[in-house]
Amino acid sequence: MSVPAGPPPVAGRRPAWERLPLLILGFIALFVGMGAGLARLGWPMPAVAAGAAALHGPLMICGFFGVVIGLERAVAIGRPWAYAGPLLAGLGTAAALTGWQGATPWLMLAASAVLLAASLDVLWRQREGFMLTIALGAGCWTAGTALWAAAWAVHEVVGWWVAFLVLTIAGERLELSRFLPTSSGAKRWFAVIVAAVVIALLAWSQPWGPPLLGLALLGLAAWLLRHDIARRTVRQQGLTRFIAVCLLSGYFWLALGGAVIAAAGLVPGTAAYDAALHALLLGFVFAMVFGHAPIIFPAVLRVSVPYHPGFYAPLVLLHASVALRLAGDAGGSFDLKRWGALLSALALVAFIANTAAAVLRGRHAGRRAFKG
């Protein structure tokens, strides 16, 4: 999800529809993964989703984000071999859904290795702290997926996968913080926080490992709230403000998820486990996705995604649904948890529909401008 400072110009450029099949593989993982999660909570789902209930997390993290982040990284570096990453992640999803689930971890591992190689390729040419953070994020995906392929349970590797997404986002936000005067002390604190994330993962079997990760995530949220350029851009209008609102609201869930892990660890089967992971992976990560989609889609597919105030509707629904789910976790209400999950799925569907409608508006506007 590398994000440039502003939407790239798309006027006069042909849409890169040849990348669309890869993106479709990612969205298949997203839809089936959502359905799998709902099936786990008792909602009636199609057989393909219900049968993948045990792969809810891998489909969402490795299947969807593996494709999306891998595709964006391939576009960014312009290396043909880098497209093998999102392709392998998509094939991993296909294997999971066609009875070849034993091959899925290995295909995802290969996809993560390609993303890591692409990230290291950029780091070699651009030796900056933000790029090192992004490469560490890719390395966390590779490490976690290697353990998964070695028959570790998903709950034993989920910390590595959380770090993959969190460090990827943090590195990209650190890149944009260069537009603000950031002190050397603040940069050192960022490095300490990233180091704490890595140390916590390496010491995961120790009693202090998961709480240290929670404290690091809490510290990262505080750092981003203090130093992210979104603090200034939220005062602007239109798309710029929308992106900032997504970021700043997402940092709330990052802080909350970190606080829950710091207090209760990540013990599978507990309410705290469910609350922490969904605060982080739904509230935080998807708020980032919602905000960056109008930039990522033009970069990947070369299509225009003009801003519309309706972009806020899925974001509000997302935050409300996560709050409802966490209220269910806190109060021991299975019904609130189920309905929160269903509303989260609706928020993601609304986001996709909104983005597709914006692409169509952009195409119509481009045709009118061409004819004019």
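At 10% relative accessibility, D274 counts as buried, where buried means under 20% relative accessible area, exposed over 50%, and partly exposed in between (1.4 Å probe, protein chains only). The model is predicted: local features need pLDDT of at least 70, side-chain atom pairs count only at pLDDT 80 or more, and totals for chains, interfaces and linings use all residues. Residues are numbered from 1 along each chain as its sequence is written, and side-chain values use heavy atoms, with hydrogens and water left out.

The side chain of D274 meets that of R325 in a salt bridge, 2.7 Å from N to O. D274 lies in helix α12 (residues 271–301) and R325 in helix α13 (residues 312–331), so the pair ties together parts that are 51 residues apart in sequence. Helices (H or I, at least four residues) and strands (E, at least two) are DSSP runs, numbered from the N terminus. R325 also counts as buried, because its relative accessibility is 8%.

Side chains of opposite charge can pair when their charged atoms come close. A salt bridge is counted here when a side-chain nitrogen of Lys or Arg is within 4 Å of a carboxyl oxygen of Asp or Glu. The structure holds six salt bridges. In one of them, D228 pairs with R173, and the closest N and O atoms are 2.8 Å apart. This pair links distant parts of the chain: D228 is in the loop between α9 (209–227) and α10, R173 is in helix α7 (residues 154–176), and 55 residues separate them. D228 and R173 are both buried.

A further salt bridge joins the side chains of R73 and E72, at 3.9 Å from N to O. Both R73 and E72 are buried. Salt bridges that share partners also join R79, D121 and R125 into one network.

R226, R231, R232 and R235 form a positive surface patch. Patches are made of residues with over 30% relative accessible area and no salt bridge, like charges being joined within 9 Å and nonpolar side chains (Val, Leu, Ile, Met, Phe, Trp, Tyr) within 5 Å. Lys and Arg count as positive and Asp and Glu as negative, while His and the chain ends are not counted. The place of a charge is taken as NZ of Lys, CZ of Arg, CG of Asp or CD of Glu. R235 lies in the loop between α10 (230–233) and α11 (238–264). With a relative accessible area of 64%, R235 is exposed.

The backbone comes next. Helix α6 (residues 129–149) has 21 residues and reaches 30 Å from its first C-alpha to its last, close to the 30 Å expected at 1.5 Å a residue. The expected span is 1.5 Å times one less than the number of residues. A151 follows α6 and has a positive phi, near 80°, although A151 is not a glycine. Most residues other than glycine have a negative phi. A151 is placed in the loop between α6 and α7, and at 68% relative accessibility it counts as exposed.

R302 is not a glycine either, and has a positive phi of about 55°. R302 is in the loop between α12 and α13. Its relative accessibility is 25%, so R302 counts as partly exposed.

V48 lies in helix α2 (residues 47–50). V48 is partly exposed, with a relative accessible area of 42%. V48 and A36 are 12 residues apart in sequence, and their C-alpha atoms are 8.4 Å apart in space.

How values were computed
Areas by Shrake-Rupley, 256 points an atom, 1.4 Å probe, with all protein chains shown as cover.
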